[in-house]
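These are my notebook entries on one chain, written as I looked things up. The sequence and the model come first.

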Amino acid sequence: MIQTTVLVIGGGATGAGIARDLALRGVDVTLVDRDGLDSGTTDRSHGLLHSGARYAETDRPSAEESIAENRILKEIAGEAVRETGGLFVQLGDDDPAYFDRKREACEDIGIPTEVIDGDEAKARAPGLPDDVERAFTVPDAITYPARLVAMNAADAREHGASIYPHAPVEEMTVENGRITSVSVGGMVNDEISAEYVVNAAGPWAGKIGAMAGVDINMFLSRGAMTAVEYDELDVVLNRAREPSNADIVVPHESEVILGTTSVPIDDPDDYDRDPAEIDELRTKSAELLPPVEDAPERRTWWGVRPLYAPDDGAGDGRDVSRDFFRLDHADDGVENFVSAVGGKLTTYRQMAESTSDLVAERLGVDAESTTAEQELIGADDPELLDAFVDEFSAAGIADADTVATADRLSPADD
Ligand SMILES: Cc1cc2nc3c(=O)[nH]c(=O)nc-3n(C[C@H](O)[C@H](O)[C@H](O)COP(=O)(O)OP(=O)(O)OC[C@H]3O[C@@H](n4cnc5c(N)ncnc54)[C@H](O)[C@@H]3O)c2cc1C
C-alpha cells in the first residue's frame, strides 16, 4: 500500500496544474495517469491561449478568466507559449453588427482591441481572401500542450510530488463516506491510500466519479482538427461571426491547425469519427484562408470536451458554459473527494488553484497558491522542456511539429 496525502487522478493540464499547485504549498502529492501525461483532451486541442474574445459577448466569466490567465501564462510558461496575437476577421457576408458587439464586449471586459481595415488585415495575415471587410486585433497566443503539461509535472516533482504515467485507476473503496483506497494498475500496480482524492480526469471524470459512487453530469462533445502545410501565417485567425464549425486557424511554424466541430457523444473511449467533419474543416476554413483548401494534410485528430452541464446541456454543446466547476463530493456523501471539470486549457491554472484551495482547506494547510507568480521550471529552455515531455511520455499530436518528440502518434488518428 502506497501512502500519500493527496492523490490526483489524471495528468492533463488540470491534473498536472493541481499537482504543481499543491506541491508548491508543501503538500505531499501523487499524480497518476492511465496513459502518458497529456494523452487526453489537452493533447487534442487547438492549443489556442484564448484572449477571451471568443466568449466576450456570451460567457463573460469565461472571457474574464481567459484574459487573466492569458496574461499570467505569457509571464510564467516561457517556451510553452508563443505570442502571436490574433485577429477577428469580418468577411463580405458576415454581419457587421456582430463584429461591433463582440468588440464592444471585449473592451468592456478589458480585452484590448484595435480595429484595422481590410488592407491592413491582409498585410498582417497574407492569404486572407479579397472580401475581407475589416478585422480587430486581440491578444490571443498559442501554447504547446505537451510542454505545458510536462513542465507542470516536472515542477510538481521538483517540489516533492510523485508522478506516475501509465498508471490507470481501476477501482476505489469507499467506507463510511470516505475513499479509503484506490487500486492503480500499470506502473504502480498497488493500492494507494490518500487523505484526499482529486478527480482531474477530463472527459473521463464521470467514470472516475462512478467508481466512488458519485454521479457527475458531464456534457461530452467531440471536435475534429486537421493540420495542413502552410508557413505564411503568424497570427491566430478567428472568424467574426456566431461560433460555428471551422472558424479558428492556429499558426505553427510550418503548418496551420484548422478547427473545429462540436458533436455530442456519450463515451470518451468509444465514439464515431466522421471523415465528413474533416472535409468541412477544409472547406469552411478556406473561406477565411483560401490557400488551405489544397494544402497538403499533415495530421487529423479528434478530441472530447469535458464540459459540465448540471442542468443538461442543449444542442451541439456550443451553448454549454466553458467555465470550470469544482465539485465538492462531501455534498454527495464522499467527504475526501473533489472533481475539477469543465474549463479550458487556457484556464487550467486557475482551475487548479481553485481546486487546490479546497483541498488545502480540508487538509488544514494555510499556504496559499503561488502558481501565478512563480515561473514554471524550464520555461526558458525548450530542450529541457522536450526532455520532460519524453520522460513523462507526454508527446502528442497537437504540437507534434514543434515539440522534438512524437512517439505517441497513433495510426488510428492519422
Ligand atoms: C477539439 C478541441 C479543441 C480545443 N481547443 C482548445 C483551445 O484551443 N484552447 C483552450 O483553452 N481549450 C481548448 N479545448 C478545451 C481543452 O482542451 C480542455 O478543456 C482541457 O485540455 C481539459 O484538460 P483536462 O486536464 O481537464 O483533461 P484531459 O487533458 O483529458 O486530462 C484527463 C486525463 O485523465 C486521464 N485518465 C482518464 N481516466 C483515467 C484513469 N482511469 N486513471 C488514470 N488517469 C485517467 C486521461 O488519460 C487524461 O490524460 C479544446 C477541446 C477540444 C475537444
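Predicted model: local features only at pLDDT ≥ 70, side-chain atom pairs only at ≥ 80, totals over all residues.

I call a residue buried when its relative accessible area is under 20%, exposed when it is over 50%, and partly exposed in between, with a 1.4 Å probe and protein chains only. Helices (H or I, at least four residues) and strands (E, at least two) are DSSP runs that I number from the N terminus.

Ground rules. Residues are numbered from 1 along each chain as its sequence is written, and side-chain values use heavy atoms, with hydrogens and water left out.

Entry 1, confidence. I checked pLDDT, the predictor's confidence in each residue on a scale from 0 to 100. The protein has a mean pLDDT of 94, and 96% of its residues reach 70 or more. The stretch 408-414 has pLDDT below 50, yet it has 22 contacts in the model beyond near neighbours in sequence. Contact here means heavy atoms within 4.5 Å.

Which residues of helix 5 are buried? I list Pro145, Ala146, Arg147, Leu148, Val149, Ala150, Met151, Asn152, Ala153, Ala154, Asp155 and Ala156. Because 12 of its 14 residues are buried, helix 5 is largely enclosed by the rest of the structure. The cover over these buried residues includes helix 1, strand 8 (141-143), strand 9 (162-164), helix 8 and helix 9 (382-391). I also checked the length: helix 5 reaches 20 Å from its first C-alpha to its last, close to the 20 Å expected at 1.5 Å a residue. The expected span is 1.5 Å times one less than the number of residues. Just after helix 5, Gly160 takes a positive phi of about 105°.

Val149 sits in helix 5 (residues 145-158) and is buried at a relative accessible area of 1%. Leaving out residues up to four places away in sequence, I find Val149 touching Gly11, Gly12, Ala13, Ala16, Leu37, Asp38 and Thr42. Its C-alpha is 10.0 Å from that of Ala395, 246 residues away along the chain. Thr42 belongs to the loop between strand 2 (29-32) and strand 3 (48-49) and is buried at 14%. With the sequence neighbours up to four places away left out, Thr42 touches Gly12, Ala13, Pro145, Val149 and Leu345. The Thr42 side chain reaches the backbone nitrogen of Ala13 at 3.1 Å. I count a polar contact as a pair of N or O atoms within 3.5 Å; within protein, one must be able to donate a hydrogen and the other to accept it, and residues adjacent in sequence count only if both atoms are side-chain atoms.

Most residues other than glycine have a negative phi, and most peptide bonds are trans. Asp38 has a phi near 60°; it lies in the loop between strand 2 and strand 3 and is buried at 0% relative accessibility. Ser393 has a phi near 50°; it is in the segment after helix 9 and is buried at 19%. The peptide bond from Gly259 to Thr260 is cis, with omega near -5°. Thr260 is in the loop between strand 16 (255-259) and strand 17 (263-265).

Where is the N-terminal cap of helix 7? I find a side-chain oxygen of Asp274 at 2.9 Å from the backbone nitrogen of Ala276, capping that end. The 14 residues of helix 7 (residues 275-288) should span 20 Å, and the end C-alpha atoms are 21 Å apart, which agrees. Its buried residues are Glu277, Ile278, Leu281, Arg282, Ser285, Ala286 and Leu288.

Arg241 is in the loop between strand 14 (236-239) and strand 15 (248-251), and at 19% relative accessibility I count it as buried. A polar contact of 3.4 Å joins its side chain to that of Ser244. Not counting residues up to four places away in sequence, Arg241 touches Asp94, Tyr98, Lys284 and Glu287.
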